[in-house]
Amino acid sequence: MGQRIHFVVDPQGWCCMGLIIFVWLYNTIFIPKVILFPHYEEGNISVVAVLCYYFCSLFCVASLFRASVADPGKLPEDPEIPITEREHWELCNKCNMMRPKRSHHCSRCGHCVRRMDHHCPWINNCVGEDNHWLFLQLCFYTQILSSYTLILDFCHYYYFLPLKKENWDVFVFRHELAFLRISAFMGVIILGGISRLFYTQLMGIFTDTTSIEKMSNCWEDISRPQKPWQQTFSEVFGTHWKILWFIPFRQRQPLRVPYHFANHD
């Protein structure tokens, strides 16, 4: 099943996503140029450290672009409702369309999204049933890349041997300290913000609740069937194979789950 392309026309979202891409480009260009390549050439680090940084960077930007253009679970204008499931659908009071319960209407996008968690301006898209797994991967790899960058910034000054400056680019040599300070500042800000968001997302999956449901207090723990964490994560990522939870270069296949687990009412 191919994943549909979903593009949101929102200048605010474009600005937020542009900022994220700028930070990614900055670290992907200057960290190897200032730290990784010079220390590798002088034998202070191995090629594995360089490749790991680029792999983290690749997985981070891949999950970013896929989460931003993936259909989060937009409902069609005239959905076909199975007779046996009609009681589990409801009418949206904003777009006057039938939708499954646990769906939500996004006022910024102008349509209903299945199991919508929230609208994220940083990816310029909703986070819903079909792209939630990509958003989690984005949070995960952003933390890895930010942490890796901060460790390299620290080691460059306090652990690695001093570099020979003769073969350095003159511009990089003159502004080395500024480049690394900017990198460290962005790394601390992003790591702090994304870690809190990632923790919130994980807790939502463990309890099988969305951010909107938590804010609206429309769920009840007493009547909610308790599922093991492996089941809730498998439903989000679309597979029981845990190794595939970390791969953004694949298509998600929705799992068939018992209906009393899929609907909590």
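Colleague: Ile205 first. Buried or exposed?
Modeller: Ile205 has a relative accessible area of 4%. The cut-off for buried is under 20%, so Ile205 counts as buried. Bear in mind that this is a predicted model.

Colleague: Which helix is Ile205 in?
Modeller: Ile205 sits in helix H5.

Colleague: And what is Ile205 in contact with, leaving aside neighbours within four places in sequence?
Modeller: His132, Leu136, Thr232, Phe233 and Val236.

Colleague: How far is Ile205 from Thr232, C-alpha to C-alpha?
Modeller: 6.2 Å separates the two C-alpha atoms. Along the chain, Ile205 and Thr232 are 27 residues apart.

Colleague: OK, helix packing. At what angle do H5 and H7 pack?
Modeller: About 115°, for H5 (residues 176-206) against H7 (residues 229-237). Their axes are 8 Å apart. Roughly perpendicular covers 65 to 115 degrees, so H5 and H7 are roughly perpendicular to each other.

Colleague: Which residues make that contact between H5 and H7?
Modeller: H5 brings Leu202, Ile205 and Phe206. From H7 come Trp229, Thr232, Phe233 and Val236. By class, the contact has 6 nonpolar residues, 1 polar and no charged ones.

Colleague: Back to H5 itself. How many residues, and what is its reach?
Modeller: H5 has 31 residues and reaches 44 Å from its first C-alpha to its last. That is close to the 45 Å expected at 1.5 Å a residue.

Colleague: Which residues of H5 are buried?
Modeller: Glu176, Phe179, Leu180, Ser183, Met186, Gly187, Ile194, Phe198, Gln201, Gly204 and Ile205.

Colleague: What happens just after H5?
Modeller: Asp208 takes a positive phi there, about 60°.

Colleague: Now H3. How many of its residues are buried?
Modeller: 19 of 27, so H3 is mostly covered by the under 20% cut-off. H3 runs over residues 132-158. H3 reaches 39 Å from first C-alpha to last, close to the 39 Å expected at 1.5 Å a residue.

Colleague: What does UniProt list as "transmembrane region"?
Modeller: The unreviewed entry lists residues 12-31, 43-65, 138-159 and 179-199.

Colleague: How much helix is there over residues 179-199?
Modeller: That span is 100% helix and 0% strand in the model. Its end C-alpha atoms lie 30 Å apart.

Colleague: And over residues 43-65?
Modeller: 83% helix, 0% strand. There the end C-alpha atoms are 35 Å apart.

Colleague: Switching to Trp245. Where is it?
Modeller: Trp245 is in the loop between H7 and helix H8 (259-262). Trp245 is buried, with a relative accessible area of 8%.

Colleague: What is around Trp245, again leaving aside neighbours within four places in sequence?
Modeller: Trp245 is in contact with Gln137, Trp229, Gln230, Phe233, Ser234, Phe237, Thr239 and Arg250. Phe233 is also in contact with Ile205. The C-alpha atoms of Trp245 and Phe233 are separated by 8.6 Å, with the two residues 12 apart along the chain.

Colleague: Last bit, the overall picture. How many helices and strands?
Modeller: 8 helices and 6 strands. From the N terminus on, the order is α-α-β-β-β-β-β-β-α-α-α-α-α-α. The chain has 265 residues, and buried ones make up 46%.

Colleague: What share of the contacts comes from residues 24 or more positions apart?
Modeller: 65%, counting the contacts with a separation of 6 or more.

Note on methods:
Residues are numbered from 1 along each chain as its sequence is written. This is a predicted model: local features need pLDDT of at least 70, side-chain atom pairs count only at pLDDT 80 or more; totals for chains, interfaces and linings use all residues. Side-chain values use heavy atoms; hydrogens and water are left out. Axes are lines fitted to C-alpha atoms, for helices over the stretch in contact, and angles run from 0 to 180 degrees between N-to-C directions. Helices (H or I, at least four residues) and strands (E, at least two) are DSSP runs, numbered from the N terminus. Angles under 35 degrees count as roughly parallel, over 145 as roughly antiparallel, 65 to 115 as roughly perpendicular and the rest as oblique. Contact means heavy atoms within 4.5 Å. Ala, Val, Leu, Ile, Met, Phe, Trp, Tyr, Cys and Pro count as nonpolar, Asp, Glu, Lys and Arg as charged, and the others, Gly among them, as polar. The expected span of a helix is 1.5 Å times one less than its number of residues. Buried means under 20% relative accessible area, exposed over 50%, partly exposed in between (1.4 Å probe, protein chains only). UniProt positions are given in the numbering used here, feature names are shortened, and annotations may be inferred rather than shown by experiment.
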